[in-house]
Amino acid sequence: MSEVLSSPDDFEEIVSGITPSWEKEDAIIVPPQCESCPRVMAALLELDEYKKAVGELLGMASAKEEEIVVVDVLTGERVSEGVIDYACKIAGGKLGGLSEKIVKTQRYISIIAKECEGPLALRASDGYRFVNVAMCDSPKVFYSGLGETQIGEPVIIQRYQEENKD
């Protein structure tokens, strides 16, 4: 049996209570020992930024042409013709890539979490200044980069100074 929607607003009302799977917080499974791992946190942040960009593109695609302002950088003129179609095309491509990005992120987290007991925390002090560093201690990460400089590796650094007790 099929239903005919009486207006486009009916569609919005029907789908308004549905959360797409890519927006659910539990879309990526992170083992408890890796929840505070800098590498995992960086991967999840990158995925969240991608999701946010896709959401903004979908918002543009569903807007009215007069709500979107696009300015031609060469002439400075406002361009509105075809902007919605272009936004739909870009949003469709990015939305299609989102599932692949989620799978890649989950695979990456699963690989580095295997046999990992959690992040490695180091602490150094000169008596009144302290530095705490946390980094991924996964055997998959540790042995692959052994002896190599890890430029750009995500770490968490916390600096603090002990207050003067006098």
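Predicted model: local features only at pLDDT ≥ 70, side-chain atom pairs only at ≥ 80, totals over all residues.
**Entry 1: cysteines**

I looked for disulfides and found zero in the structure. I then checked Cys34, which is in no disulfide. Its nearest cysteine sulfur belongs to Cys116 and is 4.5 Å away. A disulfide would need the two sulfur atoms within 2.5 Å.

I went on to Cys37.

Next I looked up accessibility. Cys34 has a relative accessibility of 2%, so I put it down as buried. For Cys37 the relative accessible area is 2%, and I wrote it down as buried too. The cut-off I used for buried is under 20%.

**Entry 2: the nonpolar core**

I turned to the largest nonpolar core, which has 13 residues. Which residues have the most contacts inside it? I listed Ile28, Val30, Cys34 and Val40. I then asked where the core residues come from. The largest share is that of helix 3, with five residues.

Cys34 had already come up under cysteines, and I returned to it here. I left aside its neighbours within four places in sequence and looked up what remained in contact with Cys34. The contacts are Val40 and Ala113. Val40 is also on my list of core residues with the most contacts.

**Entry 3: aromatic rings**

I searched the whole structure for aromatic pairs and found one. Its members are Phe130 and Tyr160, with ring centres 5.2 Å apart. The planes of the two rings are at 15°, so I recorded the pair as stacked. Planes under 30 degrees apart are what stacked requires.

I located both residues along the chain. Phe130 is in strand 4 (residues 129–135) and Tyr160 is in strand 5 (residues 156–161). They are 30 residues apart, and the pair links distant parts of the chain.

Are the two residues buried or exposed? Phe130 is buried, at a relative accessible area of 11%. Tyr160 has 32% relative accessibility and counts as partly exposed.

I placed Glu115 in the loop between helix 3 (83–113) and strand 3 (120–125). Glu115 has a relative accessible area of 60%, so I noted it as exposed.

Methods
Residues numbered from 1 in each chain as written. Heavy atoms only, no water. Buried < 20%, exposed > 50% of the residue type's maximum accessible area, 1.4 Å probe, protein only. Phe/Tyr/Trp six-rings, centres within 6.5 Å; stacked < 30°, edge-to-face > 60°. Helix = DSSP H or I, 4+ residues; strand = E, 2+ residues; numbered from the N terminus. Core = buried A, V, L, I, M, F, W, Y, C linked by side-chain atoms within 4.5 Å. Contact = heavy atoms within 4.5 Å.
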